[in-house]
Amino acid sequence: MAELSQTNAPIYEALRKFRRMRVVPFDVPGHKRGRGNMELTEFLGEDCMNVDVNSMKPLDNLCHPVSVIKDAEMLAAEAFGAANAFFMVGGTTSAVQSMIMYACKEGDKIIMPRNVHRSAINAMILTGAVPVYVNPDVNHQLGIALGMSVSQVEQAIRDNPDAKAIMINNPTYYGICSDLQRITDLAHEHGMLVLVDEAHGTHFYFGENFPITAMAAGADCASVSMHKSGGSLTQSSFLLMGKNINADYMRQVINLTQTTSASYLLLSSLDISRKRLALGGREIFAQTVEMAEYARSEINEIGGYYAYSRELINGDSIYDFDVSKLSIYTLPIGLAGIEVYDLLRDEYDIQIEFGDIGNVLAYISVGDRKRDIERLISALAEIKRRFGKSSAHMLTQEYISPVVTETPRKAFYAPKRSLPLEEAAGHVCSEFVMCYPPGIPILAPGELITPEIIEYIRYAKEKGCQMTGTEDIKIERLNVLDI
Ligand SMILES: Cc1ncc(COP(=O)(O)O)c(C=O)c1O
């Protein structure tokens with residue numbers, strides 16, 4: 001490792017060397033460098049198929065890395081200011097679940113905001129850990145859930161001194177950050193691990209003037225979606241660890257659910273992207289922010305829309321804001337976020353990241369061109385002119401605090417029956433219901449179904465939100481506890 005620097009990409013370099021060796025494959029994958037599946041090879045390209053290979057000595061093994069993957073992981077750790085890092089090929093979902101499975105076993109408590117991604121609540125089902133939810137503050141104008149306030153976390157710690165860990169979003173999908181440093185210090189004072197979901201925060205590690213990162217705040221673990229703002233291939237992520245985490249045990253935890261056939265396309269994309277960010281991240285994200293700021297001010301000029309930013313900061317539940325996020329409140333033009341999302345795609349050939357009841361999020365990155373940003377701005381102006389209407393009768397409530405009656409695991413595995421949505425009020429749900437994205441459950445297993453939640457689900461479906469989570473693919477029925 002001594003001779004390696006951030007200019008190296010050990011997995012990528014090993015693959016290039018391997019390609020030159022022209023080794024005859026009598027191993028999997030069976031497409032044999034693409035020759036056995038020409039339609040796929042024509043579609044993806046020979047270069048891609050040539051490096052879709054299996055683990056072998058010269059290329060190391062993700063499940064037990066000792067050479068090039070180990071080196072690449074050490075370079076990643078260095079780039080992110082972590083003690084250790086793991087390459088993850090099961091998305092950030094896999095990273096989130098691994099850090100929870102490391103911290104908690106059956107019956108252990110974990111303090112977390114309720115507006116976590118589904119992967120975190122899924123981990124409660126996998127481990128049998130018990131979530132202690134901190135209901136996030138809500139911005140009632142925008143209808144969005146914010147961060148956890150420090151006093152709420154203090155209260156949760158006082159009520160649950162035996163909790164093993166605290167989980168924090170840094171930032172939320174909308175760009176909102178809690179006071180990560182204070183919460184981390186508080187957790188550590190009480191002997192709790194700090195696990196941070198940084199799916200939307202890769203760029204914090206490389207850009208300037210971004211909110212503090214998990215590793216800089218002294219958190220114990222962070223799940224980082226390199227495939228979001230970091231530029232790597234979809235499904236590739238990093239799990240970062242602080243010095244108090246036993247990385248060798250973490251590797252065993254990861255291997256409980258990780259594939260034994262990790263894709264070298266994903267691994268090399270992580271390696272190359274880490275190098276790119278380590279060498280040029282500052283510039284890359286300065287450009288991203290410049291584009292986001294430009295778009296934000298032009299969109300606010302249109303009127304009606306509200307592209308929000310750091311003015312929301314309140315020193316607590318919005319301790320900081322990620323200015324690279326272009327989150328826009330749409331209700332004043334009489335359209336739900338999801339309607340604007342659909343109109344942008346159907347009428348203007350523009351695909352944005354997500355639309356919910358009151359907001360849209362356009363994902364800005366260095367891959368955007370000025371003319372694409374202009375196109376987005378003018379499409380939004382035209383949507384307001386062509387489709388805007390009165391905003392009376394628009395549902396504004398985005399986040400509904402859940403009534404938790406059962407742990408997610410118990411509810412998920414309990415005897416259950418299926419009820420039509422309209423008859424489900426008063427029962428306890430045994431499955432998830434969520435709009436995806438953002439993937440924050442409206443209902444999680446073990447939560448009471450209320451008339452308000454049914455109304456929300458009906459409204460979200462009617463407006464065209466992509467609903468997921470239920471056994472019934474049409475979301476016309478819900479599984480409830482059979483008691
Ligand atoms: C906050 C958050 N955490 C975790 C994830 C899971 O990431 P992945 O889709 O890479 O599994 C997502 C996905 O969007 C997310 O938004």
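Asp320 and Arg310 form a salt bridge, a term that here means a side-chain nitrogen of Lys or Arg within 4 Å of a carboxyl oxygen of Asp or Glu, and their closest N and O atoms are 2.9 Å apart. This pair links distant parts of the chain, with Asp320 in strand 12 (residues 320-321) and Arg310 in the loop between strand 11 (306-307) and strand 12, 10 residues apart; strands (E, at least two residues) and helices (H or I, at least four) are DSSP runs numbered from the N terminus. Asp320 counts as buried at 16% relative accessibility, whereas Arg310, at 42%, counts as partly exposed, where buried means under 20% relative accessible area, exposed over 50%, and partly exposed in between (1.4 Å probe, protein chains only).

The model is predicted, so that local features need pLDDT of at least 70 and side-chain atom pairs count only at pLDDT 80 or more, while totals for chains, interfaces and linings use all residues. Residues are numbered from 1 along each chain as its sequence is written, and side-chain values use heavy atoms, with hydrogens and water left out.

Side chains of opposite charge can pair when their charged atoms come close. A search of the whole structure finds 19 salt bridges. One of these joins Asp322 to Lys325, with the closest N and O atoms 2.7 Å apart, and both Asp322 and Lys325 are buried. Another joins Arg417 to Asp482, for which the closest N and O atoms are 3.2 Å apart. Arg417 lies in strand 16 (residues 416-420) and Asp482 in the segment after strand 20 (477-481), so the pair links distant parts of the chain, 65 residues apart. Arg417 is partly exposed at 34% relative accessibility, and Asp482 is partly exposed as well, with a relative accessible area of 40%. Elsewhere, Lys105, Asp108 and Lys164 are linked in a network of salt bridges.

Turning to the chain as a whole, there are 15 helices and 20 strands. The radius of gyration, taken over C-alpha atoms, is compared with a globule rule of 2.2 Å times the number of residues to the power 0.38; the value of 23 Å is close to the 23 Å that the rule gives for 483 residues, so the chain is as compact as a globular protein of that length. The C-alpha atoms fill a box of roughly 65 × 55 × 45 Å along the principal axes, and buried residues make up 57% of the 483 residues. Among contacts (heavy atoms within 4.5 Å) between residues at least 6 apart in sequence, 71% join residues at least 24 apart.
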